[in-house]
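Let's take a walk through this model, one piece at a time. Have the sequence and the 3D view handy.

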Amino acid sequence: RILFPLISGRSEIIQAKEHLEKNKNELRREGISFDEDIKTGIMIEVPSAVLLADVLAKEVDFFNIGTNDLIQYSLAIDRGNEYVAHLYEPLHPGVLRMIYRTIEAAHEEGIEAAICGEMAGEPIYLPVLIGMGLDELSMNALDIPKIKRMIRVSNQNQCSALVRDLLDYSSAMEIRVH
């Protein structure tokens, strides 16, 4: 699989796929074998990609939601800046709605939606991600055992009900208390 990063619109996907085709043609000319049907996907890391998710889903085989950058760019928070890093909030209602909208757009088009970033490996966020219908998690290898244990004891219906409730809240504080 090939994943194109920082895609903000359809024309960028088209250009990336054109470059991929040129490379495939070069490999064919050189007699080098490769997967002719290699799957392509995009990182959803910027707000414009979320807003265009329904359009972008028609162009690729999968989405991977890059939560670290998506949160940073959506909330205009530099995680590395000690003066504003405390404002970085994965449970911000706007962030949750963007993730949910992206997953919905992917599934409506029949493609998978994965998530990567710190959110994927944090147990506190797992019920929310499961409830949103996420297909795949990508995380630091050290986080896999605890997340795997949590997935095994999670109930999809309860997680989905939780998400329906959380999407109605207007602040991260309300979400955290719930």
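We'll start with a helix, move on to the core, and end at a single leucine.

First, some ground rules: this is a predicted model, where local features need pLDDT of at least 70, side-chain atom pairs count only at pLDDT 80 or more, and totals for chains, interfaces and linings use all residues. Residues are numbered from 1 along each chain as its sequence is written, and side-chain values use heavy atoms, with hydrogens and water left out.

Find helix α1, residues 10-29 (helices are DSSP runs of H or I, at least four residues, and strands are runs of E, at least two, numbered from the N terminus). Ile13, Ala16, Leu20 and Lys24 are buried here (buried is under 20% relative accessible area, exposed over 50%, partly exposed in between, with a 1.4 Å probe and protein chains only). Seen down the axis of α1, the buried residues fall within an arc of 85°, so they line one face of the helix (the arc is that of the directions from the helix axis to the C-beta atoms). On the other side, Ser11, Lys22 and Arg29 are exposed. Just after α1, glycine 31 has a positive phi of about 75°.

Now for the core. In the largest nonpolar core, with its 43 residues, Ile42, Ile44, Phe63, Leu96 and Ile99 touch the most other members (such a core is a set of buried Ala, Val, Leu, Ile, Met, Phe, Trp, Tyr and Cys residues joined through side-chain atoms within 4.5 Å). Helix α5 (residues 93-108) gives the most to this core, with 7 residues.

Last stop: leucine 70, in helix α4 (residues 67-75). Leucine 70 counts as buried because its relative accessibility is 1%.

Technical notes:
The expected span of a helix is 1.5 Å times one less than its number of residues.
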